[in-house]
Amino acid sequence: MEKRRLYTRLWMLAAIVLSLTGSLLAQQKIEDRERKADERFEAGQSAHEAGDLRRAIELYGEAIELDESLWQAEYQLGMAWFALGEWSSSRNALGKVESRLTSLQDDATGAEIRQVLMRISLTVAQAWRRERKREEAAAAYQRALARGAPATQVRLSMAEMAL
């Protein structure tokens, strides 16, 4: 009877050790993916700054695949597409960031988030404007105004668009 209890306890201990090891390995995998995502994002930033926009887009995409919560990579992806004149791709990427961040604008970091959302709205408006989609551009400019964009800048852009 004593041996049976001893074996039962040993099996339970082994199960606990295996469970903890599995949890640690899973956490390690998550941390590795986040580290790799950060590395890709930083490499994308370097390529972007160097003017190698296609490479930056590739690296931002890899970062997003590794960590979908890395909205900064999606934002920079949208800006790189914008710089290349790929308006639809730019709006798509920036739209994803906007939908992710809108719910966070009232949190503790809300002021920073609102600034990002304002820049997104201005960029999206400019993309629509370059495609000569006035109604869509006007709606995006209105969102930018609501998010604190300088009224003079927005009104000037809308006046230029009207001409």
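**Overall fold**

In what order do the elements of the chain run from the N terminus on? In this predicted model, the elements follow one another as α-α-α-α-α-α-α, and the chain holds 7 helices and 0 strands.

**Burial, contacts and surface**

The chain has 163 residues, of which 34% are buried. Where contacts join residues at least 6 apart in sequence, 49% of them link residues at least 24 apart.

**The largest nonpolar core**

The largest nonpolar core comprises 21 residues, and the members that touch the most other members are Trp71, Tyr75, Leu101, Ile120, Leu122 and Tyr141. Two or more residues of this core come from each of α3 (71–83), α4 (87–101), α5 (110–130), α6 (134–146) and α7 (151–162). Among these contributors, α5 gives the most, supplying 9 residues to the core.

**Surroundings of Tyr141**

Tyr141, which is one of the core members that touch the most others, can be described through its own contacts. When residues up to four places away in sequence are left out of the count, Tyr141 touches Leu122, Ala125, Gln126, Arg129, Val154, Ser157, Met158 and Met161. Of these partners, Leu122 is likewise listed with the members of the largest core that touch the most other members.

Technical notes. Residues are numbered from 1 along each chain as its sequence is written. This is a predicted model: local features need pLDDT of at least 70, side-chain atom pairs count only at pLDDT 80 or more; totals for chains, interfaces and linings use all residues. Side-chain values use heavy atoms; hydrogens and water are left out. Helices (H or I, at least four residues) and strands (E, at least two) are DSSP runs, numbered from the N terminus. Buried means under 20% relative accessible area, exposed over 50%, partly exposed in between (1.4 Å probe, protein chains only). Contact means heavy atoms within 4.5 Å. A nonpolar core is a set of buried Ala, Val, Leu, Ile, Met, Phe, Trp, Tyr and Cys residues joined through side-chain atoms within 4.5 Å.
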